[in-house]
Amino acid sequence: MIRWMLVISLALILISWFTPLLHKLGFGKLPGDFRFRLFGREWFIPLTTTLILSMLAGVVSKLI
């Protein structure tokens with residue numbers, strides 16, 4: 001249980017570090033990434049970005 005908590009927290013830290021770089025590369029602005037305003041807040045649902053990054057992670061895990 002502690003091992004998974006550590007892995008998840010490290011993954012979240014890495015994602016937060018690489019978010020500005022991913023935005024510069026165009027991730028988060030792809031067709032299928034939804035951004036809308038509801039109840040005075042801006043909501044962002046990155047469907048296409050999530051699929052691309054998941055496929056990339058799958059390819060990397062197969063190579064390792």
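A nonpolar surface patch of about 850 Å² is built from L6, L10, I13, L14, W17, F18, L21 and L25. Such a patch takes residues with over 30% relative accessible area and no salt bridge, with nonpolar side chains joined within 5 Å. Areas come from the Shrake-Rupley method with a 1.4 Å probe. The model is predicted: local features need pLDDT of at least 70, side-chain atom pairs count only at pLDDT 80 or more, and totals for chains, interfaces and linings use all residues. Residues are numbered from 1 along each chain, and side-chain values use heavy atoms, without hydrogens and water.

L14 sits in helix α1, residues 2–24 (a helix is a DSSP run of H or I, at least four residues). L14 is partly exposed, at 43% relative accessible area; buried means under 20%, exposed over 50%, and partly exposed lies in between.

L14 also lines the largest pocket, together with A11, I15, F18, L22 and L53. A pocket is an open set of points on a 1 Å grid where a 1.4 Å probe fits, with protein on both sides within 12 Å along at least five of seven lines; lining residues have an atom within 4 Å of a point. The space is about 170 Å³. Helix α1 gives the most to the lining, with 5 residues. The lining has 6 nonpolar residues, no polar and no charged.

Now the charges. The whole structure holds 2 salt bridges (a Lys or Arg side-chain nitrogen within 4 Å of an Asp or Glu carboxyl oxygen). E42 meets R35 at 3.2 Å, N to O. E42 also meets R37, at 3.7 Å. Shared partners join R35, R37 and E42 into one network.

Definitions and conventions:
Patches are made of residues with over 30% relative accessible area and no salt bridge: like charges are joined within 9 Å, nonpolar side chains (Val, Leu, Ile, Met, Phe, Trp, Tyr) within 5 Å. Helices (H or I, at least four residues) and strands (E, at least two) are DSSP runs, numbered from the N terminus. Buried means under 20% relative accessible area, exposed over 50%, partly exposed in between (1.4 Å probe, protein chains only). Grid points are joined across faces, edges and corners, and a volume is the space filled by probe spheres set on the points. Ala, Val, Leu, Ile, Met, Phe, Trp, Tyr, Cys and Pro count as nonpolar, Asp, Glu, Lys and Arg as charged, and the others, Gly among them, as polar.
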